[in-house]
Amino acid sequence: MTDKHILDQLYTVIAARKGADPETSYTARLFAKGTAKIAQKVGEEGVETVIAALAETPEKVASESADLLYHLTVLWADQGVKPEDVWNILAERQGISGIAEKASRTDK
Ligand SMILES: N=c1c2ncn([C@@H]3O[C@H](COP(=O)(O)OP(=O)(O)OP(=O)(O)O)[C@@H](O)[C@H]3O)c2ncn1[C@@H]1O[C@H](COP(=O)(O)O)[C@@H](O)[C@H]1O
């Protein structure tokens with residue numbers, strides 16, 4: 001048993017699929033299609049999650065969320081973003097209200 005978060009484990013599997021056979025790996029197929037296709041899939045799965053929330057069931061929201069997180073993780077690997085880069089940003093934000101953070105932005 002590992003204590004790594006499942007998204008960290010998924011990232012390791014996804015990153016190892018770079019250059020793998022697109023015939024046998026869906027992830028390798030996405031990498032072969034390129035950034036635009038991967039980004040498009042993230043958008044599609046995001047929209048499907050929204051539709052599930054507005055018109056379907058909590059179970060469907062969970063299932064679409066899993067699709068979204070998988071495709072987002074492929075996009076991170078494509079862009080050279082590591083899960084800990086995202087975890088670190090979330091950790092830095094802990095305890096800071098979103099309203100206070102927005103008010104402190106200089107690029108408003
Ligand atoms: N978590 C996932 C996962 N979630 C969703 N999907 C795939 O994502 C696809 C989304 O469905 P769609 O109908 O949108 O796909 P599609 O019709 O092929 O879409 P288009 O490319 O035609 O737009 C399906 O083929 C799902 O099987 C996933 N594929 C892989 N994983 C993980 O990635 C690992 C490696 O997978 P492979 O690279 O396939 O070995 C697996 O062991 C899993 O842990």
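The buried residues of α2 are T27, L30 and F31. Viewed along the axis of α2, these buried residues fall within an arc of 100°, so they line one face of the helix. The partners against which the buried residues of α2 pack are α1, α3 (35-55) and α4. Directly after α2 comes G34, a residue whose phi is positive, near 100°. All of this is read from a predicted model, which scores ipTM 0.92 and pTM 0.91.

### I38 in helix α3

I38 has its place in helix α3. Is I38 buried or exposed? I38 counts as buried because it has 20 C-beta neighbours inside 10 Å, and 20 or more is the number that the term buried requires. For the pair I38 and L75, the separation is 37 residues in sequence, while the C-alpha to C-alpha distance in space is 6.0 Å.

### The chain as a whole

The protein chain has 6 helices and 0 strands, and its pattern, read along the sequence, is α-α-α-α-α-α. Its radius of gyration is 16 Å, whereas a compact globule of 108 residues would have a value near 13 Å. The C-alpha trace of the protein chain spans about 50 × 35 × 35 Å along its principal axes. Buried residues make up 12% of the 108 residues. Among the contacts with a separation of 6 or more, 48% are accounted for by residues 24 or more positions apart. As for confidence, the protein chain averages a pLDDT of 94, and 95% of the residues score at least 70.

The percentages that describe the protein chain are collected below.

| Quantity for the protein chain | Value |
|---|---|
| Buried residues, as a share of the 108 residues | 12% |
| Contacts between residues 24 or more positions apart, as a share of those with a separation of 6 or more | 48% |
| Residues with a pLDDT of at least 70 | 95% |

Methods:
Residues are numbered from 1 along each chain as its sequence is written. This is a predicted model: local features need pLDDT of at least 70, side-chain atom pairs count only at pLDDT 80 or more; totals for chains, interfaces and linings use all residues. Helices (H or I, at least four residues) and strands (E, at least two) are DSSP runs, numbered from the N terminus. The arc is that of the directions from the helix axis to the C-beta atoms. Two residues are in contact if their C-beta atoms, placed from the backbone, lie within 7 Å. The radius of gyration is taken over C-alpha atoms; the globule rule is 2.2 Å times the number of residues to the power 0.38. pLDDT is the predictor's confidence in each residue, from 0 to 100.
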